Amino acid sequence: MNDARRNPGDAPSLTAAQVAEMVGGRIDGDPEVLLKGVAPLGQAQSAEMGFLAQRRYLREMAGTQAGALLVSEELAQAVENHPCRIVVKDAHGALPVLLSHFYPEAPREPGIHPTAVFGKGVALGKGVSIGPYAVLEEGVVLGDRASVGSHSVLGAGSRVGEDSVIHPHVVLYPKTQLGARVIIHAGARVGADGFGYVPDGEGIAKVPQVGGCVLEDDVEVGANTCIDRGSIGDTRVGRFSKLDNLVQLAHNVQVGRCVLMAAFTGVSGSTEIGNGVMTAGQTGFSGHLKIGDGVRVAAKSAVLRDVPAGMTVSGSPAREHRETLRAQGLMFRLPETTQKIKELEKRLAALEGSEEG
Amino acid sequence: MNDARRNPGDAPSLTAAQVAEMVGGRIDGDPEVLLKGVAPLGQAQSAEMGFLAQRRYLREMAGTQAGALLVSEELAQAVENHPCRIVVKDAHGALPVLLSHFYPEAPREPGIHPTAVFGKGVALGKGVSIGPYAVLEEGVVLGDRASVGSHSVLGAGSRVGEDSVIHPHVVLYPKTQLGARVIIHAGARVGADGFGYVPDGEGIAKVPQVGGCVLEDDVEVGANTCIDRGSIGDTRVGRFSKLDNLVQLAHNVQVGRCVLMAAFTGVSGSTEIGNGVMTAGQTGFSGHLKIGDGVRVAAKSAVLRDVPAGMTVSGSPAREHRETLRAQGLMFRLPETTQKIKELEKRLAALEGSEEG
Amino acid sequence: MNDARRNPGDAPSLTAAQVAEMVGGRIDGDPEVLLKGVAPLGQAQSAEMGFLAQRRYLREMAGTQAGALLVSEELAQAVENHPCRIVVKDAHGALPVLLSHFYPEAPREPGIHPTAVFGKGVALGKGVSIGPYAVLEEGVVLGDRASVGSHSVLGAGSRVGEDSVIHPHVVLYPKTQLGARVIIHAGARVGADGFGYVPDGEGIAKVPQVGGCVLEDDVEVGANTCIDRGSIGDTRVGRFSKLDNLVQLAHNVQVGRCVLMAAFTGVSGSTEIGNGVMTAGQTGFSGHLKIGDGVRVAAKSAVLRDVPAGMTVSGSPAREHRETLRAQGLMFRLPETTQKIKELEKRLAALEGSEEG
């Protein structure tokens, strides 16, 4: 059952040869096979390409009905019995062009739903699309062809760049600034107050959060992710960076360009994340750190200190990855180590006994 | 103050004997006590049953005013001084029938709020309930007696089975498929794009996410939980499985039947979770794993490898639970171990000295 | 570029002397400098105070253009070359009064948007503000000057105290009770069903969640945070407590007064958190615990046992902080420890050989 997929089967079929040309690959086998889609090996039908980019999925070759294989070079030999292989350097890298062809995105029809609510002085670009019950407060600026999903609320003075896509149920707090081609998924909260308080007599006083929140061009923000505005400066996410669902960026965080952050990554206040950093799921950063360009952080790490550029870290607290692996490995060998120490003690006692004797 | 409870006191009172019959338990003491509710031991009033299923809450017996006790067999002896005990094998197991009687759910009145927005070709079953400002896009299919809360957005082509309950502020992305009797809590995002990118020159290109997202019958999804659609196949959650609040399932994840996942559980792309698996809070799974049936995962574990059926794992990285406990225990004894090694060194040096001497 | 900040430059300028008086500090240098805002050292302009509360930001003094410095006493000497310093005991503590002056909150104009939907018997205080598409179900009570943001849904019978602020897209489940001056950020879900199930033949049965959910006066709840209603009693958050974004409180949790919980903190069912507790990010608590007053929990800790008042804990499982630090430190020295044991073995074997020889 594949009909939960986006627009399956609506696009014109291609021959294997046409696919190979489209992705800059080569055909091993029959170039005339007609194809109308891509699917996992285990689900692909005869008119679809099976997708193979990882060795562990070779196990699904046995029963595959795929009419062709889209396969990474390094795995091509392992599937040479299949009658039609489209071999590319990296099968993952070939997906964007293929999927855009076979499963075209439903076009967003320009237009403003009559239930959308506008404050004073809202400025709309050409060809914008605004869904039912969207609310654009006073002074919002929307670039050309930007789209705003149902119920999304764009706070007073916020700006959205051209061709950006705001999915339903997004909230931009007042004055949030989005660049061009930004994608914000459902339920993301951008520009909320940071977590700032000071003791105040018997209670706790809120520190007003008056900074801004800026997402540069080509940023994508996952569902239910939260990005706080700055306390007195700005919070900023650099161009091309992508945040998964349920990520949290605290006030004043600075994220560089081309950063990838997986789900449940949390970055505490004022920490600076360099360009090209990648964080796996459930990683955390304490506040006021500098994380260098190209740093990689393994899943569930707790980064509590600055990390120099290029380093891979893991663990809680995080250290250089191989150091952590070695220490963890030895930790799991502690039962034997403890046993070994006991034996040493025994042998030593025996020696001491004979010495004294 | 208990008036924050659901419909307190609206249902007819029962005698302790009637309660015992309803839950298949026995009465120790006065069968005529009149009861109109269940409450924690420390809060229960004279017309309520105090609830006791764990030994640690015996401490609250002292001051309880409960007119009767609903108590698990294993704890019955410890409270034998109370004048009215309703003893069952497992007090927790008795709650569904009792609470449904004493605190009946407010009936959902069928009807469609005039502010709901419908796309073309929406098909509604009998007796559906649709709240204010709900949006059902083109081609949505709603089963009999399904209810859709205020503001929820059902994307184009999504399907909701009979008797399902969509709370307010839910977003189903286009083509999401829900079975019968599914419950989706406020703020859940089902079918959003997975986190898939490939490098692209100076930037990062999005891999279109074209797969589906299928939740089978009797699934419950907690508040603000996110379930991504598949990349090229489907993401799927099996029958009877329950996800807590703030859970994240990445693209192509396959969850079996009767799985329970506590808050902040994160499952990375394409991982398969077997039937009956239970994950405690803040656990994570890396991608492309196979987790066998009946596996249990302790809180905050990071599962980085396949886990065979029936195993309990813990730790980061996760290993068999007792192995982790032993290693962690020895880790906390490292100060003594280190001390012991120092002493061995001293004694050895003494021996070596006498040897040379 | 600072125009993403809240209402920059709208307030009257102050002289450095006036600022010093406002915050109870002293002027070192020119008292006549005119100031109209506060900014991070690296971003401050000549008409702004640079903010300096941590030694690590001294690095940004070099290029600062700040017309004055707002500096904590302990750092005053390090910046004595700057021509205008406003010295206070704690620069953070001075922020609330200054920021409220320079960046006044946009006033909430009382009024009810014509698209708001009201159930029967809703009771509104004086001067309330209700945004577009808000839904107040049957019997909701709203205190004087409370404000409800766009699209927020207040379930039947819920109550909101005076001067409380509900941001857009909040859901209060039925019967939720909020005190006065409570702030709820976008996407928070208060009073959803707890995660309670019992096995039921081949499936899993839901335990009805019939308890209440009560937030006392002056509580603040972050974006997309979830607080479940009680199962049979109430879930409660005490006065002045503040929850960051993406926090999860399970059913029946009791949070004391003046508690601060950072993002991704998760508290399992029925756990009691004492007054003044502070939890860093990504910490978790298992169920049915008692956490004493003033306890501090380091980032990413997993608290699995009761913690006595005043203790600082860390680690997974959490132990007393220094104990965890020592054990972790020794874990990372295991490579040397293992090497040392090998040497002891060699030396011992040598002795044993000479003994036998």
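Modeller: Copies of a chain are superposed by least squares on the C-alpha atoms of residues with pLDDT of at least 70 in both. This is a predicted model, where local features need pLDDT of at least 70, side-chain atom pairs count only at pLDDT 80 or more, and totals for chains, interfaces and linings use all residues. Residues are numbered from 1 along each chain as its sequence is written, chains are lettered from A, and side-chain values use heavy atoms, leaving out hydrogens and water.

Biologist: What rotation superposes chain A on chain C?

Modeller: In general, two copies of a chain are related by a rotation about an axis and a shift along it. Here the rotation is 120 degrees with 0.0 Å of shift, and chain A falls on chain C with an RMSD of 0.0 Å. That is the relation of a three-fold axis.

Biologist: How many residues of chain A and chain B are in contact?

Modeller: Contact means heavy atoms within 4.5 Å. By that rule, 70 residues of chain A meet 80 of chain B.

Biologist: How many salt bridges cross the interface of chain A and chain B?

Modeller: A salt bridge is a side-chain nitrogen of Lys or Arg within 4 Å of a carboxyl oxygen of Asp or Glu. The rule finds five across this interface. Arg347(B) forms a salt bridge with Glu352(A), with the closest N and O atoms 2.8 Å apart.

Biologist: Which helix of chain A supplies the largest share of the side that touches chain B?

Modeller: Helices are DSSP runs (H or I, at least four residues), numbered from the N terminus. Helix 5 of chain A gives the largest share, 11 residues.

Methods. Helices (H or I, at least four residues) and strands (E, at least two) are DSSP runs, numbered from the N terminus.
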